[in-house]
Amino acid sequence: MSDELATALAYSTDSAGMHSSHTIPIKLRAIANAGFSHVELGFPDLEAYAEQEYPGYQRLDESGNGDLDTLLQAAGRLKELAKELGLEILAIHPFSNFEGYEDIEKRAAGFERAGTWFRVLKALDCQLLQVGSTPDPSTSGDYDVIARDLRQLADEAAAQHPPIRIAYEMWAWGAHVNTWEHTWEVCKRVDRPNFGLCLDTFQICARAYADPTSPNGLLQDAPEGSAVMQLASSVKALAATVPPEKIFYLQISDGSRKVTPDVLKESAEKQRIAPLYAWSNAWRPVPYMDAVCPRSNKESWGGYLPVLDVCEAVLQTGWRGPWSYEVFYEEDMSKPGDFIPVKWTKAAKDSHQLLLKYLGERGY
């Protein structure tokens, strides 16, 4: 089966290691050597690179204020490094805590930050910005208000040279937008050609299939009667609802049951974040990790989400576009050493081949 389903194959830089020794040049080389053509760039990785290359660099604040000139220099150097390695930058993420603020100053700060990010995207020669649905409960839950902000963001992005597209992603812990149905409702209201969706196998399953705080890891009291039926209903609706041109890219990852509900809740409480957010940050292996990267001690990586079913539903829309592997497994990725970026990027590429094989068996 040829890889005709993906117009581009990317790996996220923040998924190539979580230790300070995993610098962005090391990550990019691992991504390129594993056979990826594109890279999804985490903004924190870019700022860490600026700090590494330019001691004294001041990170940007919530209004986009900081040492922007230095950051643009770092972005230019990073663009050249990616080019030397044969990599194109697919998208920048995560632009978050943006939409729905009624407070005039907070809203203005978000747009100031957006303007700064647009300049960084231009320096990187990247035309796709991922926006994650805000987890801030103080924001408005009115979708017309949310769409108003995102429509203005899309218009300002379209006015850039070259124009920038906005990929809106549901975060399962989002305050008001936390399912693919929610993002699609917002997308329809935004109604701009450069505004579309980033669909994510983990995020979709985290709301329509899984509950890592339950004893069996599955959604409890699902409206459709069971987690399996709930997921089936959700992806069937997705396949019949979302136009392919509104899917800007697809992110791939699994979710692990290696963390117990009590430990996950304790970790979330300590970080003062939602359990789903804590799960997302630390327990997302690549699909089929046990097959492509078996552990020497024979322990499982714990992946259990129906990633294949979600991918099939996205393809059923008629969509063919960029796939990006965004995975986080803190227990392993936080170890020092160049072998970690190599290990995870190779596992993702091998996982992709298995995913294509199984999709091929389903007729794709």
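This is a predicted model: local features need pLDDT of at least 70, side-chain atom pairs count only at pLDDT 80 or more; totals for chains, interfaces and linings use all residues.

Visitor: What does the C-alpha trace span along its principal axes?

Guide: About 50 × 45 × 45 Å.

Visitor: And what percentage of the residues count as buried?

Guide: 57% of the 364 residues do. As for the surface, the protein exposes about 14,900 Å², and carbon and sulfur atoms supply 49% of that.

Visitor: What about charges, how many positive and negative side chains are there?

Guide: There are 35 positive and 51 negative ones, with the centres of the two sets 3 Å apart.

Visitor: Okay, contacts now. Of those between residues at least 6 apart in sequence, what share join residues at least 24 apart?

Guide: That share is 80%.

Visitor: Let's pick a helix. How far does H3 reach?

Guide: Helix H3 covers residues 68-84, and its 17 residues reach 24 Å from the first C-alpha to the last, close to the 24 Å expected at 1.5 Å a residue.

Visitor: Which residues of H3 are buried?

Guide: Among them are Leu-68, Leu-71, Leu-72, Ala-75, Leu-78 and Ala-82. An α-helix has 3.6 residues a turn, so residues three or four places apart point the same way.

Visitor: And what do the buried residues of H3 pack against?

Guide: They pack against helix H1 (24-33), strand E2 (38-42), helix H2 (43-53) and helix H4 (104-124).

Visitor: H1, then. Is it mostly covered or mostly uncovered?

Guide: Mostly covered, as seven of its 10 residues are buried. Those are Ile-24, Pro-25, Lys-27, Leu-28, Ala-30, Ile-31 and Ala-32. They pack against strand E1 (6-12), E2, H2, H3 and helix H14 (339-361). Just past H1, Gly-35 has a positive phi of about 105°.

Visitor: You mentioned H14. Is Val-342 buried or partly exposed?

Guide: Val-342, which is found in H14, counts as partly exposed because its relative accessibility is 47%, while buried would mean under 20%.

Visitor: New topic! Where does Ile-252 sit?

Guide: Ile-252 is in strand E7. It counts as buried because its relative accessibility is 0%.

Visitor: Which residues does Ile-252 touch?

Guide: Leaving aside residues up to four places away in sequence, its contacts include Thr-201, Pro-287, Val-307, Cys-311, Trp-323, Tyr-325 and Leu-355. Glu-185 is 67 residues from Ile-252 in sequence, and their C-alpha atoms are 22 Å apart.

Visitor: One more: where is Val-259?

Guide: Val-259 is in the loop between strand E7 (247-252) and helix H9 (261-271). At 7% relative accessibility, Val-259 counts as buried. Not counting residues up to four places away in sequence, it touches Leu-264, Trp-279 and Trp-283.

Visitor: How far is Val-259 from Thr-213?

Guide: They are 46 residues apart in sequence and 9.3 Å apart in space, C-alpha to C-alpha.

How values were computed
Residues are numbered from 1 along each chain as its sequence is written. Side-chain values use heavy atoms; hydrogens and water are left out. Buried means under 20% relative accessible area, exposed over 50%, partly exposed in between (1.4 Å probe, protein chains only). Contact means heavy atoms within 4.5 Å. Accessible areas come from the Shrake-Rupley method with a 1.4 Å probe; for residues, only the protein chains shown count as cover. Lys and Arg count as positive and Asp and Glu as negative; His and the chain ends are not counted. The place of a charge is taken as NZ of Lys, CZ of Arg, CG of Asp or CD of Glu. Helices (H or I, at least four residues) and strands (E, at least two) are DSSP runs, numbered from the N terminus. The expected span of a helix is 1.5 Å times one less than its number of residues.
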